[in-house]
Amino acid sequence: MTLRNILLAGTAIGAAAFLAAPAFAASNTQAELDALKAQIDALQRKIDDVEIQHGNAIKSLEERKSDVEVSLKNGRPVFKSADGNFTFGITGRAHLDVGGYDQDDASKANFGGLRGNANFRRLRVGLNGTLAKDFGYNIEFNFGDSGTESNARIYEAVLAYKGIDGLQILTGATKPRMTLDDSTSSNDITFIERATAANLAISPAAGEGRMLLGGIYNTSNFYSSAFYSMGTVGNNTSAGNTDFDTSNAVGRLAYATSPKEGANFHFGVSASHSFNLPGDALRLRDRPELRIDPTRLIDANFGATVDTVSVYGPELAFNYGPFRAQGEYYRFDVSGLNANPDADLDAWYLQASWILTGESYNYDIKKAAFKGVKPANPFGFGNKGSGAWEIAARYSQADLNDASAGIAGGEQDIITVGLNWYVNNNLRFMLNYLNVDVEDRGGVTNSNFGHDAVALRTQFAF
């Protein structure tokens with residue numbers, strides 16, 4: 001082949017390649033576009049699948065609104081709807097006391113032998129929870145009592161509206177909030193029984209199972225409550241009541257400087273005013289801070305001579321780490337009916353406690369009271385912990401004498417020392433020693449008498 005032929009052939013091939021290039025490029029571009037479209041279609045199918053799955057999940061949640069969740073925290077069964085608007089829990093507490101008394105001769109002459117005994121001071125079963133998110137309820141029955149067990153009776157049946165932050169509006173049968181000691185749960189009190197001062201203070205207007213209407217309001221540091229209360233559920237003429245329209249106003253204010261942590265001071269005041277008393281009668285009395293035997297040593301019986309009675313006094317408390325101290329003083333102003341004289345009585349106590357194992361006391365501003373001790377190292381559950389150990393002491397006095405009004409209910413002084421073992425969050429053992437001295441008691445053979453007592457409580461609660 002000549003050079004001329006070679007050049008002509010090369011030129012022809014180049015021209016053919018030049019002419020074919022656009023067609024080739026177009027072919028590649030179309031293939032890429034087709035591949036990209038296929039990828040987009042695949043991605044769209046995945047998106048559709050995700051939307052379908054998400055929609056099914058939402059539909060499933062909507063359908064499961066009525067499903068129930070069950071928990072068993074600290075042994076307490078709680079049932080809860082999936083949306084959280086309804087809850088239902090079962091509660092219980094059993095306080096079994098056993099102990100005995102060492103009386104002086106004067107006490108034996110007055111009352112015979114105080115009975116060493118074993119009985120359930122409290123044996124309660126209850127139901128509580130939430131209705132429609134904003135309403136709470138508690139229904140509780142008690143089978144225990146002082147000195148002996150009893151038939152089931154209503155301890156509390158109350159409905160509360162909680163739809164406003166910090167506010168509770170209550171109605172039903174319950175104990176109006178009054179005094180620091182009585183505002184502390186019986187599961188959390190430091191001694192086997194509350195101080196006589198607190199028991200006497202609540203008796204005219206704020207005892208258990210009172211029909212009432214009222215409210216509680218709290219902020220992060222401030223607490224207030226106000227109630228209108230009436231008679232106790234179950235009272236009838238066989239119990240000696242002829243006037244069921246008893247009326248009482250009960251109020252409490254408290255301020256805590258540091259309720260969540262650190263050094264905390266509690267300042268409070270409680271008061272009640274009772275008018276239109278059942279049968280115009282009033283009787284102030286209490287057992288000597290132990291109820292294994294039901295005998296009451298001090299007793300101010302006014303009979304049907306009372307127009308109104310007012311109870312009021314301050315509350316003081318301090319807690320820091322494992323140390324706590326508290327005290328209360330209450331004044332009783334009794335106004336006589338018609339020409340009957342007025343009377344003034346009083347009662348108070350001081351107590352202090354220390355957690356030997358180092359746990360800190362906790363304060364609840366929603367109750368303006370102290371919570372129970374939670375052991376850092378519980379005993380049991382396969383653990384080698386020792387639980388929490390606490391020592392405590394209390395001095396209380398109640399003076400139910402007023403010579404000007406002819407009242408000689410007696411003056412009672414009690415020293416109590418205690419040792420508590422918190423095994424875990426459900427189980428506690430309490431050992432108390434009491435020295436009781438009563439003076440100037442009228443209506444008995446010997447006006448001055450006393451005794452010593454030792455008692456052990458086994459407490460289980462959930």
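These legends go with a few close-ups of a predicted model. Local features here need pLDDT of at least 70 and side-chain atom pairs pLDDT 80 or more, while totals for chains, interfaces and linings use all residues. Residues are numbered from 1 along each chain as its sequence is written, and side-chain values use heavy atoms, with hydrogens and water left out.

View 1. Helices (H or I) are DSSP runs of at least four residues and strands (E) of at least two, numbered from the N terminus. Of the 462 residues, 42% are buried, meaning under 20% relative accessible area with a 1.4 Å probe, protein chains only.

**View 2. Glu289 sits in the loop between strand S12 (282–286) and strand S13 (298–303).** With a relative accessible area of 3%, Glu289 counts as buried. Leaving out residues up to four places away in sequence, Glu289 touches several others, among them Glu193, Thr196, Ile414 and Leu434; a contact is heavy atoms within 4.5 Å.

**View 3. Zoom in on the side chain of Glu289, and you'll find polar contacts with the side chains of Arg394 and Ser396.** The contact with Arg394 is 3.0 Å, and the one with Ser396 is 2.6 Å. A polar contact here is a pair of N or O atoms within 3.5 Å, where one must be able to donate a hydrogen and the other to accept it; residues adjacent in sequence count only if both atoms are side-chain atoms.

Technical notes:
Buried means under 20% relative accessible area, exposed over 50%, partly exposed in between (1.4 Å probe, protein chains only).
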